[in-house]
Amino acid sequence: MKGLIFINPFLVPKESVHQAERLKEEFNNLGIDVDIISDASMRIAIQAESATTDLPRPDFIVYLDKDKYLSKVFEKGGTRLFNSHNAVRICDDKAETYIALAGRGIKFPKTMFGALCYRYDLNIKEEWADKIINHLNLPVIVKESYGSMGKGIYKAETKEELLTIMEKVKLKPHLFQEYIPYKVGVDVRVIVIGGKAVASMQRINDGDFRSNVGQGGRCEKIDLPLEFCITAQACAEVLGLDYCGVDLLYGKNGEPIVCEVNSNAFFGGIEEASGVNVARLYAKYIINCINAGKSE
């Protein structure tokens with residue numbers, strides 16, 4: 001069995017490199033040869049007849065990139081991706097994630113979408129801010145649809161702040177959400193593999209409403225409440241994810257409210273906090289899936 005791990009060649013954070021190296025380590029421990037590839041997009045070309053590449057033909061690809069074109073090409077060629085092209089694409093776009101979860105009995109913050117703007121010289125209308133505030137109240141959370149590690153997320157305390165942020169993000173896909181005030185700077189991350197919650201931790205940031213470690217948050221072990229486990233697993237099922245990290249906020253009565261779903265959630269912090277070998281569990285799951293497919 002041969003596997004590849006794809007990572008992005010630009011601006012790769014150390015956490016992404018660690019993710020790939022940990023997975024390679026655990027695959028090797030299980031007797032599976034894998035290579036980490038960072039320049040896959042430069043090694044494939046398509047033409048009318050077919051796609052050509054000098055990459056080895058793998059049995060599977062662990063897709064830690066978010067390049068939707070590359071994933072589509074490899075799936076079209078019959079290679080099994082973990083996660084799939086469609087699952088990564090939906091999770092990469094926060095707006096698409098919430099649309100997919102809507103109507104499935106999964107709680108998430110009340111959400112509105114920003115109007116798409118295509119020119120710098122066009123102005124944000126003040127009445128738009130009024131509509132957002134009337135529907136969501138203040139403060140309002142503004143999220144760029146694409147981004148990770150807490151980047152591209154803002155909190156507007158006043159109408160003036162909201163208008164300033166709207167102007168800042170107007171040329172990017174973005175959305176607005178109600179502020180969940182019950183445990184500020186605290187969330188629960190749950191790692192789900194093959195539809196089962198396998199590890200969890202609580203993230204706490206005493207100085208920011210964003211709990212992300214990249215924004216100064218810290219991780220601690222937690223006994224995962226059953227309702228949080230069920231919600232995380234439901235998100236993975238709806239979005240068709242082999243692997244994901246589901247970030248859950250605390251609601252008014254302590255109930256889970258989905259903040260985000262990450263198809264390539266880093267597991268370094270959660271392995272340390274929970275003591276669970278997430279990389280090994282994911283590697284085993286992938287191997288079992290490939291072997292099951294070969295026996296069919």
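A residue is called buried here when its relative accessible area is under 20%, exposed when it is over 50%, and partly exposed in between (1.4 Å probe, protein chains only). The model is a predicted one, so local features need pLDDT of at least 70 and side-chain atom pairs count only at pLDDT 80 or more, while totals for chains, interfaces and linings use all residues. Residues are numbered from 1 along each chain as its sequence is written, and side-chain values use heavy atoms, with hydrogens and water left out.

Now for the overall build. The protein has 9 helices and 15 strands, where helices (H or I, at least four residues) and strands (E, at least two) are DSSP runs numbered from the N terminus. Along the principal axes, the C-alpha atoms fill a box of roughly 55 × 50 × 35 Å. Of the contacts (heavy atoms within 4.5 Å) between residues at least 6 apart in sequence, 66% join residues at least 24 apart. The accessible surface, from the Shrake-Rupley method with a 1.4 Å probe, comes to about 14600 Å², and 51% of that belongs to carbon and sulfur atoms.

Next, the second largest pocket. A pocket is an open set of points on a 1 Å grid over the protein atoms alone, where a 1.4 Å probe fits, with protein on both sides within 12 Å along at least five of seven lines; lining residues have an atom within 4 Å of a point. This one has a volume of about 340 Å³, the volume being the space filled by probe spheres set on the points, with grid points joined across faces, edges and corners. Its lining takes in 20 residues, and Ile44, Ala51, Val73, Phe74 and Gly77 lie nearest the centre. Strand E3 (44-46), strand E4 (51-53) and helix H2 (68-76) each give two or more residues to that lining, with H2 providing the largest share, 5 residues. By class, there are 10 nonpolar, 6 polar and 4 charged residues; Ala, Val, Leu, Ile, Met, Phe, Trp, Tyr, Cys and Pro count as nonpolar, Asp, Glu, Lys and Arg as charged, and the others, Gly among them, as polar.

Phe27 sits in helix H1 and counts as buried at 0% relative accessibility. Leaving aside residues up to four places away in sequence, Phe27 touches Ile32, Val34, Phe60, Val62, Ala283, Ile286 and Ile287. Gly31, in the loop between helix H1 (14-29) and strand E2 (33-37), is exposed, with a relative accessible area of 62%. Thr231 belongs to helix H7 (residues 226-239) and is buried at 13%; outside the four places on either side in sequence, Thr231 touches Ile106, Leu248, Pro256 and Val258.

The peptide bond from Phe82 to Asn83 is cis, with omega near 0°, and Asn83 falls in the loop between strand E6 (80-82) and helix H3 (85-92). Another cis bond runs from Leu138 to Pro139, with omega near -5°. Pro139 is in the loop between helix H5 (126-136) and strand E8 (140-144). Asn137, also placed between H5 and E8, has a positive phi of about 70° although it is not a glycine.
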